[in-house]
Amino acid sequence: MAIEWYLVLSALLFSVGFAGVLVRRNPVVILLCLELMLSAGALSLISFSRLHGDGDGQVFVLMVLVVAACEVVVGLGLVVAMFRRRIDLDVDEMKELQG
């Protein structure tokens, strides 16, 4: 398959994730949309890595996946802590994290 198909799929996944971040107010859904955006970037890195025939893109994808895993751990930890304290989980009204 040509690289253009991978890049189009990556752009579509990224745009769906970006629209989800802008539209949704639930923090768990926002985290899932951010993960979708990171996966779209990883797909484009893998496709460029295959195009050039080297493994540099795959190393960057591993780093992206590590960052995504750390993001999920911290984000879900915050959401669970806020849920246990009965704080409203609406992103627009989260004033606890302002300091």
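**The whole chain**

Begin with the protein chain displayed as a cartoon: it contains three helices and zero strands. The model is a predicted one. Followed along the sequence, the chain has the pattern α-α-α.

Next, colour the residues by relative accessibility. Of the 99 residues in the protein chain, 24% count as buried.

Select Ala-2, which is located in the segment before helix H1 (3-23). Ala-2 counts as partly exposed because its relative accessibility is 33%. Ala-2 and Leu-51 are separated by 49 residues in sequence and by 9.0 Å in space.

Proceed to Ser-10, a residue of helix H1. Is Ser-10 buried or exposed? Its relative accessible area is 8%, so Ser-10 is buried. Show the surroundings of Ser-10 without the residues up to four places away in sequence: Ser-10 touches Ala-40, Gly-41, Leu-43 and Ser-44.

**Helix H2**

Select H2, residues 27-52. This helix has 26 residues, and from its first C-alpha to its last it reaches 38 Å, close to the 38 Å expected at 1.5 Å a residue. Display the side chains of its buried residues, which are Pro-27, Ile-30, Leu-31, Cys-33, Glu-35, Met-37, Ala-40, Ala-42, Ser-44, Ser-47 and Ser-49. What covers the buried residues of H2? The cover includes H1 and H3.

- Leu-31, placed in helix H2, counts as buried because its relative accessibility is 14%. Apart from residues up to four places away in sequence, Leu-31 touches Glu-71, Gly-75 and Leu-76. Draw a further C-alpha distance from Leu-31 to Val-72: the two are 41 residues apart along the chain and are separated by 7.1 Å.
- Cys-33 has 12% relative accessibility and therefore counts as buried. Select Cys-70 for comparison; at 46% relative accessibility, Cys-70 counts as partly exposed. With a disulfide taken as a pair of cysteine sulfur atoms within 2.5 Å, the count comes to zero disulfides.
- Ser-49 lies in helix H2 and counts as buried because its relative accessibility is 3%. With neighbours within four places in sequence left aside, Ser-49 is in contact with Asp-54, Gly-55, Asp-56, Gly-57 and Gln-58.

Step past the end of the helix to Gly-53. This residue follows H2 and has a positive phi, near 75°.

**Helix H3**

Select residues 56-84, which form helix H3. H3 has 29 residues and reaches 42 Å from first C-alpha to last, close to the 42 Å expected at 1.5 Å a residue. Which residues of H3 are buried? They are Gly-57, Val-61, Ala-68, Gly-75, Val-79 and Met-82. The buried residues of H3 pack against helix H2. After H3, select Arg-86, whose phi is positive, near 60°.

**The contact of H2 with H3**

Two packed helices are described by the angle between their axes and the distance between the axes. Display H2 and H3 together with their axes, which come within 9 Å and cross at roughly 175°. Angles over 145 degrees count as roughly antiparallel, and H2 is therefore roughly antiparallel to H3. By class, the contact has 15 nonpolar, four polar and three charged residues.

| Helix | Residues in the contact |
|---|---|
| H2 | Pro-27, Val-28, Leu-31, Leu-34, Glu-35, Leu-38, Ala-42, Leu-45, Ile-46 and Ser-49 |
| H3 | Asp-56, Gly-57, Gln-58, Phe-60, Val-61, Val-64, Ala-68, Glu-71, Val-72, Gly-75, Leu-76 and Val-79 |

Technical notes: Residues numbered from 1 in each chain as written. Predicted model: local features only at pLDDT ≥ 70, side-chain atom pairs only at ≥ 80, totals over all residues. Heavy atoms only, no water. Helix = DSSP H or I, 4+ residues; strand = E, 2+ residues; numbered from the N terminus. Expected span 1.5 Å × (residues − 1). Buried < 20%, exposed > 50% of the residue type's maximum accessible area, 1.4 Å probe, protein only. Contact = heavy atoms within 4.5 Å. Axes fitted to C-alpha atoms, helices over the stretch in contact; angles between N-to-C directions. Parallel < 35°, antiparallel > 145°, perpendicular 65-115°, else oblique. Nonpolar A, V, L, I, M, F, W, Y, C, P; charged D, E, K, R; others polar.
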